[in-house]
Amino acid sequence: MIAEEGVLSLFNGLTPGLHRQFLFTGLRLGLYDKLKETLNAHESTTLGQRIGLAVLTSALAITVANPSDVLKVRYQAHNPTVPVKRRKARAGAFRQYVKISQSEGVVNGLYKGFAANLLRNSIISASEITSYEIAKKNFIEHLKFEDGIPVHLASGCTAGFVATVLGSPADVLGTKAMQKHGHYSGLTASQIAYKMAKNEGVLSFYKGFWPNFCRIGSFNIAMWFFYEQIKSKFRIDS
């Protein structure tokens, strides 16, 4: 990539990626905390209730953020039929949203691969939220660590690993479903899963596991660190 397109090609999709994180992460964490607070006002929430809340808020959030995910994947996908100069000269993100909706439609364009993306993000996000809370509770209550930055960082890393293990199959499916070009273009999530299992084997669902863990793990460490700092700064109770 660097040889053909330059160092900046490593940051393809940065703008829609930022759109996606502001919408998805902001909505899922904000809604989760509010709904959990509402339930806690009546009685303590069970693990099952927290998982349900995490899945629900993640599903609502990705419904809003799916167009940004589609555009991010397309910016990052390598299409050999498009010259490098044309790839570099792509219009701004907002113009691309409009272009996709006009040429492909909202459902078939901006919400392409939505079912697979909904499954992927609901699993990964719910895994992140739930495993972070469980890890943090165990570090404090059973391992007797003080509630502070080391616990937040360790819990974030744990959440990232759990989310990668549980979410990798759905992550692979969702990415392939949103691509406009390639062997799996135009197929449904179930068709992609069947074709992958038949042609590439079950382990193909964990292709790129360690790079994916580096991405999800580092993101979770940073996300939960800043989340806890913001909560502390504004004295928000969890």
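# Briefing: pocket, aromatic pairs and selected residues

Asn66 is buried, with a relative accessibility of 0%, and belongs to helix H3. The model is predicted. Its largest pocket has a volume of about 1,200 Å³, and a search of the whole structure finds 11 aromatic pairs.

- Beyond its neighbours within four places in sequence, Asn66 makes contact with Leu110, Tyr111, Lys112, Phe114 and Asn117.
- Asn66 and Met178 are separated by 112 residues in sequence, while their C-alpha atoms are 9.9 Å apart in space.
- Asn121 is part of helix H7; its relative accessibility is 5%, and because buried means under 20%, Asn121 counts as buried.
- With neighbours within four places in sequence set aside, the contacts of Asn121 are Arg20, Phe24, Ser58, Ile62, Asp69 and Ala126.
- Asn12 sits in the loop between helix H1 (2-5) and H2, and with a relative accessible area of 22% Asn12 is partly exposed.
- Asn12 is in contact with Glu5, Tyr75 and Gln76, leaving aside neighbours within four places in sequence.

**Largest pocket**

- The largest pocket, at about 1,200 Å³, is lined by 38 residues, and those closest to its centre are Lys72, Gln76, Asp171, Asn212 and Arg215.
- At least two lining residues come from each of helix H2 (14-40), helix H3 (47-76), helix H7 (114-141), helix H8 (149-178) and helix H10 (209-234).
- Sorted by class, the lining holds 14 nonpolar, 14 polar and 10 charged residues.

**Aromatic rings**

- Of the 11 aromatic pairs found in the whole structure, one is formed by Phe139 and Phe145, an edge-to-face pair with 6.0 Å centre to centre and 80° between the planes.
- Phe145 has 45% relative accessibility and counts as partly exposed.
- Trp224 and Tyr227 also pair: their ring centres are 5.1 Å apart and their planes meet at 85°, and because over 60 degrees counts as edge-to-face, this pair is edge-to-face.
- Both Trp224 and Tyr227 are in helix H10, where they are 3 residues apart, about one turn of the helix.
- Trp224 is buried at a relative accessible area of 3%, and Tyr227 is buried at 14% relative accessibility.
- Phe161, Tyr206, Phe209, Trp210 and Phe213 are linked by ring pairs into a cluster.
- At Tyr184, the charged end of Lys195 sits over the ring, 5.4 Å from the ring centre.

**Lys144**

- Lys144 lies in the loop between H7 and H8 and has a positive phi of about 60° although it is not a glycine.
- The relative accessibility of Lys144 is 66%, and because exposed means over 50%, Lys144 counts as exposed.

Technical notes:
Residues are numbered from 1 along each chain as its sequence is written. This is a predicted model: local features need pLDDT of at least 70, side-chain atom pairs count only at pLDDT 80 or more; totals for chains, interfaces and linings use all residues. Side-chain values use heavy atoms; hydrogens and water are left out. On a 1 Å grid over the protein atoms alone, a cavity is a set of points where a 1.4 Å probe fits but cannot get out, and a pocket is an open set with protein on both sides within 12 Å along at least five of seven lines; lining residues have an atom within 4 Å of a point. Grid points are joined across faces, edges and corners, and a volume is the space filled by probe spheres set on the points. Helices (H or I, at least four residues) and strands (E, at least two) are DSSP runs, numbered from the N terminus. Ala, Val, Leu, Ile, Met, Phe, Trp, Tyr, Cys and Pro count as nonpolar, Asp, Glu, Lys and Arg as charged, and the others, Gly among them, as polar. Rings of Phe, Tyr and Trp (its six-membered ring) pair if their centres lie within 6.5 Å; planes under 30 degrees apart count as stacked, over 60 as edge-to-face and the rest as tilted. Buried means under 20% relative accessible area, exposed over 50%, partly exposed in between (1.4 Å probe, protein chains only). A charge sits over a ring if NZ of Lys or CZ of Arg is within 6 Å of the ring centre and within 35 degrees of the ring normal. Contact means heavy atoms within 4.5 Å.
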